[in-house]
Amino acid sequence: MTLDRWIASIFLVICLIYGYTSFFAMDASLPPFMQRNPIWPSTFPKVLAGLGIICALLVIVNAKPPPLKEDEIDYRRLGDYKIGQAAALVALMVAYAFALRPIGFVASTVLFLTVSGIVLGERKLHILIPIALVAALFIWFLVDGVLGIFLRPWPWFV
Amino acid sequence: MLDGILMGLATAFSIKNLLMVIGGCLIGTFIGMLPGLGPMSIIAIMIPVAITIGDPSAALILLAGVYYGAIFGGSTSSILINAPGVASTVATSFDGYPLARQGKAGKALTIAAISSFCGGTIGAILLMIFAPALASVALSFHSAEYFALMVVGLSAIATFAGTGQVAKAIMMTVAGLMLATVGEAALFNAPRFTGGIMDLQSGFSFITLAMAMFALPEAIFLVLDPKRSNTGDGGSGKITDLRITRDEAKQIAPVIGRQSIQGFLIGVLPGAGATIASFLGYAVERNIASEEDKKMFGKGSIKGLAAPESANNAACTGSFVPLLTLGIPGSGTTAILLGALVALNVTPGPRLMIDEPGIFWSVIISMYLGNLILLILNLPLIPYIAKILAVPRNYLIPFILFFTLMGAYIGQNNATELLLLVGLGVIATILRLADFPLPPLLIGFILGSMLENNFARSMQLYDGPSFIWERPMTMGLLILAAALVFLPSFRARRARLKRQGVAEGD
């Protein structure tokens, strides 16, 4: 099965759940005075669920493999690309999200920029780390000082 | 109208807004030059900044400046290193890069800058004529017509975005509309589809979604395929002679005139936009050129360079017409701008010109300014700005990722938002790999609540869906929308049948 069929199938399942909720679950909690309205909170979602199911089925039935793309990224040649690097960077972004509060903005940003540089193959740490540090401090100043949004710069123990 | 223009002049020429134009154009040029980063990603990254500015006209001026700058920067990298940073400048590289290889990079950049300037300026003049006229018509629209108009816009976008597969594009639109129903709708005062998760109570954040749909997949693609960010040796300072001759100016003048008008009109259509305008402009000019000129196309023709450049800038301006007059974005970029305006408590639409003439006119005036600044500021600076092309990707990519994270965080001040961003970004990357167009999803998301509100209002007014057949205008628009969706697939089917030799006669 091609990738677009997989995606359409997953979307179909989402639409079915969405449709089930809007057709059978949502109206139960509707207050009586609203039941005389011509439009309910579930009206629009019902239409959407129907449309979504039709589209997903059309894609599943009609999907044909597109011609191999030479200069664009093609998922059938995914092995040729740096998928490990991409996965590592995505993991780093998740780690950044968890680290931001406890270890503070400056430390987590410097770590993020440095480690992702290393992942991409940068070895000149004597350049990378100072750049990351200056950038982190500068952005912190910009966000906290100029834009006025609070960002905790230091770890929890400071 | 004159009052409005004067008011706009006063607003646009305030020190703060002048700085916004200059800053926006510069930032846009810098980032637009980086291969692989399109105007949508750049604007998505800039939105948190624009929203914290707080003043809607300043924010819109900044973002519009970034938009032009990005298109301009994209053409610079197309010409210098044959690596278009932006889809709408791909056609620029057809003739721009050969010119640069002949040692005429300076000349090519000048022609590009002048064509962009003329395209943008002519576009702005046409916008001043078209927008008020369209807005006065739109004032007579009721919620039923708005509902129908949005359906038309969404179907047009889906038809143009779907690379031959309209069903995929409509599926994405529906997905966007479904995402928009998550959270507490203002109309019903009841949470929907939150699954009991507190963080979803107020729905998905538009900034997070915009970043996840455009900036993040773009960056992941850059990581996956190092060839995409090949930055070459563009900054090696061989840009010398920036002058063009009188004879060359005579050659390109009619091209610029034609393509500015054509580009503008294409830009006004929902779903078309700068990319289509630039390719079409290039094709049209090649077809009507004289025989010997035609041979030059693709080998460094100055006409072939001027055509896409004036067309794409005029189209950018044209895409503001539906945004400012109807409140309906015709492209991904204007959809992001609409999201930013809504976040700033401004509702674009026909009332904008009457209720907030300051915003409306200052944006238009700042378009002239932006184009002028791109011409006088960037042209002499190009040799230096081009140095940015030499930034190694090991530094570039971490920073792009960091800026998307920061953008989502500033918008919501919430670390959960970052996880949502990464999750949606990975999904968007997979969708892009499978050739599902992403702009329809974001436009669906942004128009979703407006679409539902107008639908609900008409349902209440007519006590049921009878407004669809009782209002001729609504009916006509909905038929148009259906035609937009079904015609391409119908025609493709007929062409297929014809090839098989079983087509029934006309």
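Into which domains is chain A divided?

1. Chain A has domain 1 at residues 3-80 and domain 2 at 83-146; the bounds come from an automatic or database domain assignment. Taken over C-alpha atoms, the centres of these two domains of chain A are 37 Å apart.

2. The model is predicted: local features need pLDDT of at least 70 and side-chain atom pairs count only at pLDDT 80 or more, while totals for chains, interfaces and linings use all residues. Residues are numbered from 1 along each chain as its sequence is written, chains are lettered from A and ligands numbered from 1 in the order in which they are written, and side-chain values use heavy atoms, with hydrogens and water left out.

3. Chain A brings 69 residues and chain B 59 residues to their contact (heavy atoms within 4.5 Å). The two chains bury about 5700 Å² between them, 80% of it on carbon and sulfur atoms; buried area is the accessible area (1.4 Å probe) that two parts lose on being put together, summed over both.

4. Between chain A and chain B there are seven residue pairs in polar contact, both residues at pLDDT 80 or more. A polar contact is a pair of N or O atoms within 3.5 Å; within protein, one must be able to donate a hydrogen and the other to accept it, and residues adjacent in sequence count only if both atoms are side-chain atoms.

5. One salt bridge is counted between chain A and chain B (a side-chain nitrogen of Lys or Arg within 4 Å of a carboxyl oxygen of Asp or Glu). Asp4(A) and Lys168(B) meet in a salt bridge through their side chains, at 3.1 Å, N to O.

6. Over all chains, the search of the whole structure gives eleven salt bridges. Among them is the pair of Glu248(B) and Lys107(B), at 3.0 Å, N to O. Glu248(B) lies in helix H10 (residues 246-268) of chain B and Lys107(B) in helix H6 (residues 105-138) of chain B, so this pair ties together parts that are 141 residues apart in sequence. Helices are DSSP runs (H or I, at least four residues), numbered from the N terminus.

Methods. Helices (H or I, at least four residues) and strands (E, at least two) are DSSP runs, numbered from the N terminus.
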